[in-house]
Amino acid sequence: MRTPLVVFRVFGLMVITVFAARAEELYRPEAEIPLGGDGGWDYLAVDAAAHRLYVSHATKVVVIDTARNAVVGEIADTPGVHGIALAPELGRGFVSAGRANEVNVVDLATLKTLLKVGTDENPDAILFEPGRKEVYAFNGRGHSATVFDANSDAVVATIPLGGKPEFAQADPAAGKVFVNVEDQNLVAVIDAATHAVVARWPIAPGEEASGLAIDGAHHRLFAGCANEKMIVLDSTDGRVVASLPAGKGIDAAAFDPGTGLAFVSNGRDGTVTVVREETPEKFAVVQTLATQVSARTMTVDPATHRIYLTAAKLLPPEAGRRWPRVAPGSVKVLVYGLGS
């Protein structure tokens, strides 16, 4: 995502009535899990079946048991860590180490790095494409994607993207990979078989999209945009289906197929915008969940429907620094669940 240290923000009677009717589906805080240590953070990834949450933090990935909300291990030696992709069926995880221009290939049982795969400059977001069992490392400064085989670790392609990639999603049934190209205000569509960009879809009225989520069953993409919008696109043709208001400092996006809810995390506001997919053509904001200023990265557990965000206490701004420093020992994971 944008940087491991980036920290970001009157309804009428009818909306109030909708909220009341769906109160059992709204989110509320459940727990906070301290991570400790110094440094920033970026992506989170969940392995629902194994009850594991993987959280990038400083130069490592912290591993949490989601049944106990307890730290149980770490993946070390990931300088400039950004993205985490999981392939439980292969027993492997993949971690982008942006400062080293590498991806760590990790044994999920031992959390040990098996080997490192070289990439283009500054790998950031990372994706496991299950159809062809390939890993895509999206290189922020390289303006490209490095693709390698998840079994053999052999690099099979380097795909020029023409701009700075952010997060991506795969649709194995369609044989496509979708990635936000932030500085071009578009979604690039990659053919998974040929490793070629086959379409570029504008996201207007959205701008500078970072987070991207997918509803594969209904062919919908959810892009979280810097101009305080969630843009919904048709993943078959790029048509903009909906534009919904969100908050400031959007970074991550997520979708839960079990509830039909989509999310964007607004780090500057300290909120999450929760959107319901009423039908594939109709979407509505059903909650603005208060979290914590700086809570910009997020993931959802499709089994429990909990959402997880990383946040920290920010120190006062300093002259000459673009971003506030993180207070030592203050990084934590916030856990939110559906109300009963």
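# Notebook: loops, strands and a pocket

I started at Leu 315, which sits in the loop between β27 (307-311) and β28 (332-338). For the record, the model is predicted, so I keep to its cut-offs: local features need pLDDT of at least 70, side-chain atom pairs count only at pLDDT 80 or more, and totals for chains, interfaces and linings use all residues. Residues are numbered from 1 along each chain as its sequence is written, and side-chain values use heavy atoms, with hydrogens and water left out. Strands here are DSSP runs of E, at least two residues, and helices are runs of H or I, at least four, numbered from the N terminus.

I use buried for under 20% relative accessible area, exposed for over 50% and partly exposed for in between, with a 1.4 Å probe and protein chains only. Next I looked up what Leu 315 touches, taking contact as heavy atoms within 4.5 Å. Leaving aside neighbours within four places in sequence, I get Pro 324, Arg 325, Val 326 and Ala 327. Arg 325 is 10 residues from Leu 315 along the chain, and their C-alpha atoms are separated by 5.4 Å.

Val 326 is in the loop between β27 and β28 too, but Val 326 counts as buried, at 15% relative accessibility. I also checked Val 326 against Asp 237: they are 89 residues apart in sequence, and C-alpha to C-alpha they are 42 Å apart in space.

**Whole chain.** I count 1 helix and 28 strands. The radius of gyration is 19 Å, close to the 20 Å of the globule rule for 340 residues, so the protein is as compact as a globular protein of that length. That radius is taken over C-alpha atoms, and the rule is 2.2 Å times the number of residues to the power 0.38. Along the principal axes, the C-alpha atoms fill a box of roughly 60 × 45 × 45 Å. Of the 340 residues, 55% are buried.

**Largest pocket.** How much space lies in the largest pocket? I have about 970 Å³. The search runs on a 1 Å grid over the protein atoms alone; a pocket is an open set of points where a 1.4 Å probe fits, with protein on both sides within 12 Å along at least five of seven lines, and lining residues have an atom within 4 Å of a point. The volume is the space filled by probe spheres set on the points, which are joined across faces, edges and corners.

I find 35 lining residues, with Val 46, Phe 167, Gln 169, Thr 299 and Val 300 nearest the centre of the pocket. The elements giving two or more residues to this lining include β2 (41-47), β6 (81-87), β14 (165-171) and β22 (250-256). The top contributor is β2, with 5 residues. By type, the lining splits into 29 nonpolar, 4 polar and 2 charged residues. Nonpolar here covers Ala, Val, Leu, Ile, Met, Phe, Trp, Tyr, Cys and Pro; charged is Asp, Glu, Lys and Arg; the others, Gly among them, are polar.

Leu 127 lies in strand β10 and is buried at 9% relative accessibility. Beyond four places in sequence, the contacts of Leu 127 include Ala 85, Tyr 136, Phe 138 and Gln 169.

Most residues other than glycine have a negative phi, and most peptide bonds are trans. Which peptide bond did I note as cis? The one from Ala 204 to Pro 205 is, with omega near 15°, and Pro 205 lies in the loop between β17 (196-202) and β18. Leu 111 has a positive phi, near 65°, and is buried, with a relative accessible area of 15%. Ser 294 is not a glycine either, yet its phi is about 100°; Ser 294 is buried at 0% relative accessibility.
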